[in-house]
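Thanks for coming. Please have the sequence and the model open while I talk.

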Amino acid sequence: MWNMMESRGVSSIIFDLDNTLVDTAGAGRIAIEKVCELLKSMHVQESHVKDICHRFLRKLLHESFDTSEGKTIDDVRIHHWYEALQETQGTDPDPALANSCYYTWKNTRLQVLTLSPEVRSLLEELRKNYKLLLLTNGDTQTQWEKIEAVRCEGLFSLVVVGGDHPEQKPARYIFTHCFESAGVQPQDCIMVGDSLGTDIQGGINARVRATVWINSDCKSLPQGSVTPDYTVPSVLNLNDVLLELS
């Protein structure tokens, strides 16, 4: 019985979304460029424009968001822009400008975000032989808007957004929820993602068959980092890993 289980092949693939299947970082850079253009058109001092955008990005990176306060993620991020303008210019900005900055950034990012034809084709091929699961961290509204924008929900047997649950990756809880909802065992699955701290650590915590790190920048593993079973530069190299695991 145990030998049969050990020799059983991979039957399910869990994918991260951002910077694994879609280039969220690239879409974000284009969105920031659009806000820079907007600020210049509103005659904001040229020397302030980049600083405002950098401050927004820092706030985004360190964002903590509690839905129990009755705010939406839109409210929180409009306020990031308001504070970035205020801190840079030293005066209280027009709230309408913060609003415009936010929706320019948000809408541009969603418009640019796309599942490339190559990645879509890969997923369509893989789903013929594997049960595909999407597991993404982040605020509920933000992540579902991205999923809708890239029209990828239909490619997966299960879509799980961390913000809909009490714990997100790398917590074992959310992986267990995926396994139970999809009717799969951890040893049947591989975890594919770009984040060592959430995707790879999470996969290891959950005892999946193997972890696959998407290392698009060809970075070396940081000192003391968790070690993935496989490292590839793009999700498009996944078939090489699946061949080794078969």
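Predicted model: local features only at pLDDT ≥ 70, side-chain atom pairs only at ≥ 80, totals over all residues.

Residues are numbered from 1 along each chain as its sequence is written, and side-chain values use heavy atoms, with hydrogens and water left out.

Start with the sheet. Six strands make up an open, parallel sheet, and their order is β3-β2-β1-β4-β5-β6. The edges are taken by β3 (158–161) and β6 (230–232); each has a single partner strand, so one side of each lacks a neighbour in the sheet. On average, neighbouring strands are turned by 20 degrees against each other, direction ignored. On terms: helices (H or I, at least four residues) and strands (E, at least two) are DSSP runs numbered from the N terminus, and two strands pair if DSSP finds at least two bridges between them.

Strand β1, residues 12–15, runs parallel to β4, residues 189–193, with four bridges between them. Ile14 has Met191 of β4 as its bridge partner.

Helix α7 (residues 140–150) lies across β2 (131–136) and β3, at about 145 degrees to β3. Axes here are lines fitted to C-alpha atoms, for helices over the stretch in contact, and angles run from 0 to 180 degrees between N-to-C directions.

Now the domains. Domain 1 covers 12–22 + 115–245, and domain 2 covers 25–112; the bounds come from an automatic or database domain assignment. Their centres, taken over C-alpha atoms, are 29 Å apart.

What is in contact between domain 1 and domain 2? Seven residues of domain 1 touch nine residues of domain 2, contact meaning heavy atoms within 4.5 Å. About 610 Å² is buried between the domains, with 49% of that from carbon and sulfur atoms. Buried area is the accessible area (1.4 Å probe) that two parts lose on being put together, summed over both.

There is one salt bridge between domain 1 and domain 2, a salt bridge being a side-chain nitrogen of Lys or Arg within 4 Å of a carboxyl oxygen of Asp or Glu. Glu145 and Lys106 form a salt bridge, with 3.0 Å between the closest N and O atoms.

The whole structure has 14 salt bridges. Among them, Lys146 meets Asp18 at 3.1 Å, N to O. That pair joins distant parts of the chain, 128 residues apart: Lys146 is in helix α7, and Asp18 is in the loop between β1 and α2.

Two backbone details remain. Asn19, in the loop between β1 and α2 (24–41), has a positive phi of about 65 degrees although it is not a glycine.
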